Amino acid sequence: MKLEDHVRFVRGIGPKKAELLQKLGITTLEDAVQCYPRGYEDRTRIIPITELTDGEKQCIHAVVGAEPKTAHIRKGMDITHCKVFDESGSLSLRFFNNRYAAAALEVGQEYAFYGKVQAEGRGFVMIAPEFERIGLDCKTGRILPVYPLTAGLHQKDLYQVTDAALQAVPKNYPDFLPQAIREQQKLPPLGEALACIHRPQTLEQAQQARHRMVFEELFLLSCGMRFLRSRRAGKSGVRLRDLSLNAFYRALPFSLTGAQQRAIEACTMDIAAGKPLSRLVQGDVGSGKTMVAAALCYLAAKNGQQAVIMAPTELLAHQHMQTLEPLLHKLEISCGLLVGSLGAKQKREITQKIENGEISVVIGTHAVLSDNVNFHALAIAVVDEQHRFGVNQRASLTAKGENVHLLVMSATPIPRTLALLIYGDLDVSIIDELPPGRQKIKTYAVGEQTRPRIDRFIDSQCAEGGQVYVVCPLVEDSENMDTARNSAESTAERLAKVLPNRTVGLVHGRTKAAEKEQIMSDFADGKIDILVSTTVIEVGVDVPNATLMVVENGDCFGMSQLHQLRGRVGRGKRQSFCVFYGADRGEEARERLRTLVHTSDGFAIAQKDLEMRGAGDFFGTRQHGLPPMKMADLAGDTRLLEQAKQAADTLLEADPELETEPLLKEKVQKMFSQYGEGAFN
Ligand code: ADP
Ligand code: MG
């Protein structure tokens with residue numbers, strides 16, 4: 001068979017199994033060869049029964065000593081016991097609902113058994129082992145790959161397709177990794193690596209093959225990111241003649257912090273230099289990033305051009321609209337809101353105004369990326385809370401005009417290497433200063449027993465004229481959840497009951513957009529005292545009168561996420577407070593929450609989060625909109641990532657279009673295109 005052949009033609013795989021394989025992303029043999037094992041079982045070591053280890057999966061060679069006995073325990077549960085022995089001793093095998101085992105095991109025959117060992121009494125039992133007769137095409141004595149599965153598929157099926165796939169790999173299978181890089185990194189060639197990753201002779205071999213696959217993935221990713229960057233470099237940016245900001249500064253209700261001013265200056269200098277601005281503004285929650293965006297929007301409008309701000313949620317887009325509209329209005333600049341939930345007529349109206357240039361500043365969600373949104377003269381594109389968008393969305397936004405200046409804003413601190421990769425195509429300004437008059441938010445980690453006191457505290461904050469956020473991880477109570485996990489719905493009900501003279505609002509992911517907007521604006525106007533929500537308010541929302549943030553089940557959130565939530569309060573002049581429930585949920589939860597009590601530095605918290613959670617999904621690829629990684633762990637494989645990035649940089653420095661490496665180029669394009677359109681268009 002050939003690599004491009006469909007897997008349904010593999011012996012033993014019919015159309016039904018082919019369909020299941022498709023769920024794993026396997027259609028052709030080529031896909032199969034790229035479906036790597038998720039682990040290996042070492043069956044090369046055969047252990048004498050008396051030297052087994054409790055809790056390990058191990059392999060023994062043993063003779064069946066007596067007829068297997070099956071006992072009917074209850075409806076649907078039969079247990080089969082079978083005594084086996086080797087030269088060192090004996091143990092009992094235990095199978096559940098396995099008639100095949102009961103029938104197949106023959107007294108006096110020797111088998112290899114592989115399964116989980118459990119200490120019991122003075123000896124061991126082996127739970128539901130796999131077994132095979134010694135001598136017959138035996139899998140024991142081998143390193144056995146363990147493939148990802150889906151319901152209805154078995155390891156055997158994946159052995160069959162990967163066997164066929166490996167046979168189809170030609171001897172001189174072309175390797176898209178340049179030879180020089182392979183040699184420098186001491187990586188096996190592709191064909192060999194594939195053979196070793198699927199059918200290793202030793203665990204070291206499997207490890208080496210995995211190493212190559214991880215490197216390869218990180219290298220492709222680095223090449224792709226570098227491609228994106230070079231696409232913009234070397235071009236000139238939209239020219240904006242008038243870069244004076246005096247009128248803008250005068251229109252502001254406050255004076256900007258030094259850090260805000262430095263970020264704005266860095267942007268105007270880039271623009272003045274004739275380059276396309278490509279800058280990341282990174283600053284902790286509440287540091288005032290929006291004003292940097294506002295300054296650039298002002299400049300675009302003042303020069304007869306347009307600007308767009310893209311926010312990750314409608315809520316945030318509305319919020320930006322609320323802050324920026326009055327400011328821009330004062331400066332006689334028109335702005336408009338474009339979000340998915342607008343009616344068809346409204347949408348048509350606004351897109352028309354965008355197209356004929358009547359609106360200078362567009363604030364919206366990814367709805368602005370839609371094909372029928374055409375700008376009259378787009379000069380500035382701002383992406384807010386970048387980690388919610390993909391690099392490809394970033395690219396499609398700037399593609400809405402020619403040589404558009406790009407400003408990216410993020411509050412998510414990430415480790416340096418990862419930042420180099422994700423933001424490798426951007427210059428960076430850091431806003432490391434909060435607006436004046438902010439007080440440190442007093443933070444408490446509490447357990448269930450403190451609830452009555454916290455309820456009274458919520459009440460007293462309202463009595464003093466403040467407002468309260470209560471955030472819950474879930475929308476509604478579900479039957480199979482631990483009842484102590486408080487849902488947004490039940491929390492809102494409970495609070496309305498215990499604090500009858502306070503108004504309670506509820507928003508969650510399923511609340512209709514119009515209703516959500518109403519509730520949020522009621523909260524902003526002070527008509528609602530207590531806003532109960534799921535994490536829809538996690539990013540960006542700004543209600544300066546809110547003085548207390550209560551997070552239910554704080555142990556269900558990541559530390560950086562909790563830090564972001566905390567940033568929702570402490571925006572006004574009054575002392576603000578933050579309460580995390582969950583301190584009674586084990587040592588780890590307590591330690592995480594205590595870190596937040598003691599630190600208010602977002603970077604330090606992110607670092608600690610990384611240390612405690614390892615790779616965790618917080619730093620996962622999806623968060624940052626990178627293509628999904630099959631093998632690499634972006635947070636864990638940082639050294640390799642650095643090497644891969646360096647290799648990619650060197651190569652692309654010499655050959656920016658990868659003309660000498662067509663195979664590699666194709667591979668890079670495929671990696672990014674599978675993930676989404678836009679990146680390389
Ligand atoms: P973030 O960086 O989290 O996006 P925002 O831009 O939403 O922060 O700003 C947070 C709050 O601080 C807003 O209420 C904003 O009006 C206010 N703010 C921003 N800059 C200043 C400043 N220089 N002085 C006082 N308040 C400011
Ligand atoms: Mg913001």
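## Gln58 in strand S2

Gln58 is part of strand S2, which spans residues 57-64; strands (E, at least two residues) and helices (H or I, at least four) are DSSP runs numbered from the N terminus. Because its relative accessibility is 10%, Gln58 counts as buried (under 20% relative accessible area; exposed is over 50% and partly exposed in between, with a 1.4 Å probe and protein chains only).

A polar atom of the Gln58 side chain lies 2.9 Å from the backbone nitrogen of Thr53. This is a polar contact, a pair of N or O atoms within 3.5 Å; within protein, one must be able to donate a hydrogen and the other to accept it, and residues adjacent in sequence count only if both atoms are side-chain atoms. Neighbours within four places in sequence aside, Gln58 is in contact with Ile47, Leu52, Thr53, Phe113, Tyr114, Gly115, Val117 and Met126 (contact means heavy atoms within 4.5 Å).

## Basis of the model

The model is predicted: local features need pLDDT of at least 70 and side-chain atom pairs pLDDT 80 or more, while totals for chains, interfaces and linings use all residues. Residues are numbered from 1 along each chain as its sequence is written, chains are lettered from A and ligands numbered from 1 in the order written, and side-chain values use heavy atoms, without hydrogens and water.

## Strands S1 and S8

Strand S1 (residues 39-42) pairs with S8 in the antiparallel sense over four bridges; pairing requires at least two DSSP bridges. Gly39 has Val146 as its bridge partner in S8.

In a regular strand the side chains alternate between the two faces of the sheet. In S8 (residues 143-146), Ile143 and Pro145 point one way, Leu144 and Val146 point the other way, and all are buried.

## Helix H18

Helix H18 (residues 559-566) is largely enclosed by the rest of the structure, because seven of its eight residues are buried. These are Met559, Ser560, Leu562, His563, Gln564, Leu565 and Arg566.

## Ligand 1

Ligand 1 is surrounded by 16 residues (a heavy atom within 4 Å), the closest being Gly286, Lys289, Thr290, Arg438 and Asp542. Oxygen atoms of ligand 1 lie 3.0 Å from a polar backbone atom of Gly288, 2.7 Å from a side-chain N or O atom of Lys289 and 2.5 Å from a polar side-chain atom of Thr290. The protein buries 88% of the 570 Å² that ligand 1 exposes when taken alone (Shrake-Rupley method, 1.4 Å probe).

## Whole chain

The protein chain has 23 helices and 21 strands. Of its 681 residues, 53% are buried.
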